Amino acid sequence: MMTTVVIQTIARVVVPFLQLFGLYIIVHGPVSPGGGFQGGVIVGASMILLALSYDLSSAETKVSHKVRIAMDSTGALLFAGIGLLCLLAGGVFLEYGIIPLPMVPAEVRGLMILLVGVAIGIHIMALAASLFLHLAEEHDT
Amino acid sequence: MDHSPILVVITPFVGAYLSPLLGLWRERLCHLVAVAAALLSLFFSFRLAGSVLTSGTIRYWVGGWEPPWGIELVVDPLSAFMCLTISLVSLLAVIYSKNFIEKELPGGKITSYYTLILLLIGGMLGVVVTGDLFNLFVMTEIFSIAAYALVAISGKRGSFIGSYRYLILASIGTSLILLGTGYLYIITGTLNMADLSVRLPAFYDSWVVFGALAFLLIGFGIKTALFPLHTWLPGAYSIAPAPVTVIFSAVVSKVGGYSLIRVLFTIFGLEFITDLVPVAPALTWVAAATILVASMFAISQRSLMRMLAYSSVAHIGYVVLGVALAVEMGMTGGILHIFNHALATGCLFFCAGAVIYKTGIRHIDDLRGLGGKIPLTMAAFTLAAASKVGIPPTAGFVSKFYLSLGALEAGEWIFVIVILLASLMTAVFYLRVINLIFFGGDKHEGKVQRDELPLSMLVPIIILALGCAVFGIFVGIPLRLVEPAVMVLSGM
């Protein structure tokens, strides 16, 4: 695949902004449109941009297969863990308001939705990058 | 408050994401995680069954949101019955996987195998406990996607094309399910099943409702593998690793059947599907065709796995036939057959997998004389085959007996003939195999050593084979859940 120094330089400039924007979308999930999934996809897409403008292996060295698997699992487990925390606090699954924190229930809900958003964000950014990198890598069969 | 309805679903999912994390560190921990998750699910299923029997249907509001706004989990006797069947078969399949997978799968795939199989189990359990139509669709997608990947995981010749065929057909199925769900949502504004059943009668003359019913029927018909929508099944079943095939044939297609039952009986209601639109009578004929055609195909197969796959298509036909007869005896037989067939087909596919593990044999002709080499496994095979044919006192006989009584009760004696004829055909192809195994001479003199399987493979086989015999005599145990399930479904 052809890539030029122009593409590479622009990609290098754009990638940090993309990632920052993605993180912004994730942490603003509780109060504005967006959230874990949308922000996660944007951060994942920044890795896809790197892979397209440089090559696969440079993206692979930034986030290796193992790191992606670890992020993927950790995100999902965090989400499930927050849900199960509500069980421990005496509520039903995902009933965020019941978690005993020194705040009003609405604030606790907002905080928990932020945490869930971060968990989903971690999960999805690894997933979005993996979907592309796995399909693009060379298969021996 | 009892949290079993959500815990039974969450446990396999947590296991599914724990296993790749631990797999990065030690690959053999994945098996332990999977066994632990499946064991916990079985424990929660037993608790569910216990509380359903003592205090009736359980309703659980996820997130504390009242239905129809939030997602509601509803566990009635049928759901609890399905939960028990799914988690029992899954636990045995996961235990069986240890030795089989280490030998049959190329390195580095063990972690993803256990992740996928736990997602498959979790998705199915999600389908059976949910009381929300859209959630049912989501869970169907989860277990289906895990299933496509599991068909292709071995990477052997034919596994990709088998998986691709399955993917295309089943995706059409799930798209139709989504369309049908959307139609119902447009016209009623709700997705909660109990709420839908209350609101739908006002729209019984609307074409939108007929359209939704047609989409849902065909969508779940593909998932259930009813004739002529069964073409994806034999390819997918015969190519997947044996423990996966066990889960597929014993529960995956039954979960499709379960969804069909839920849509027809819980959402549309008995009156609508028998009197207003004669869906149930039409389904009985489709089921009868499934039984006969699949049994016919099974006779002509040369590969053991394919023969068993066609045979399990036929037996899904029995389940649908019994339920679609819409009389008490027939429904009892149909639902009971879900469990009884799961025991028998699980055992048979385990045995077929054991033969592949031990000798690599896939063709029926090559089975000659294996009865003397792995006698316990082959004895279990015979017992399970007897249950499939329906020889008393095995479990298969009981459910077929109920089915025949149901057909007589409904005044449809022609289906009694279908059941008898199909049992005869089933006897033909199983007796041929059993005859070759025990009395076909010895084709492998000196090539195959006489010894039994590793314990992790032998124990699941023996448990299921004994189950076929035990539940034929102590019919009352599964019937304790089946009878109230029939009561709830027929609205009594």
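Predicted model: local features only at pLDDT ≥ 70, side-chain atom pairs only at ≥ 80, totals over all residues.
**Confidence**

The mean pLDDT of chain A is 88, and 97% of its residues score at least 70. Within chain A, helix α1 (residues 5-27) has the highest confidence, at a mean of 93, and helix α3 (residues 56-62) the lowest, at 82.

**Contact between the chains**

Chain B contributes 16 residues to the contact and chain A contributes 14 residues. On the chain B side, α1 (4-23) and β1 (58-61) each supply at least two residues. The most come from α1(B), which gives eight. By type, the residues on this side of chain B are twelve nonpolar, four polar and no charged.

**The strand pair of chain B**

β1(B) and β2(B) are paired in the antiparallel sense, with four bridges. Tyr60(B) has Leu73(B) in β2(B) as its bridge partner. Strand β2 (residues 72-75) of chain B is covered on both faces: Glu72(B) and Val74(B) are buried on one side, and Leu73(B) and Val75(B) are buried on the other. In a regular strand, side chains alternate between the two faces of the sheet. The loop between β1 and β2 of chain B contains Pro68(B), and the peptide bond from Pro67(B) to Pro68(B) is cis, with omega near 5°.

Phe43(B) belongs to helix α2 (residues 29-55) of chain B. Phe43(B) counts as partly exposed because it has 16 C-beta neighbours inside 10 Å, and 20 or more would be needed for buried.

Leaving out residues up to four places away in sequence, Met124(B) touches Ile86(B), Phe143(B), Val251(B), Val252(B) and Val255(B).

**Backbone features**

Most residues other than glycine have a negative phi, and most peptide bonds are trans.

| Residue | Phi | C-beta neighbours inside 10 Å |
|---|---|---|
| Leu94(A) | about 70° | 22 |
| Ala225(B) | near 65° | 30 |

Leu94(A) sits in the loop between α4 (65-88) and α5 (105-136) of chain A, and Ala225(B) in the loop between α8 (207-224) and α9 (232-239) of chain B. With these neighbour counts, Leu94(A) counts as buried, and Ala225(B) counts as buried.

Another cis peptide bond joins Pro392(B) and Pro393(B), with omega about 5°. Pro393(B) is placed in the loop between α15 (375-389) and α16 (395-409) of chain B.

Technical notes: Residues numbered from 1 in each chain as written. Chains lettered and ligands numbered in written order. Contact = placed C-beta atoms within 7 Å. Nonpolar A, V, L, I, M, F, W, Y, C, P; charged D, E, K, R; others polar. pLDDT = per-residue confidence, 0-100. Buried ≥ 20, exposed ≤ 12 C-beta atoms within 10 Å, placed from the backbone. Pairing = 2+ DSSP bridges.
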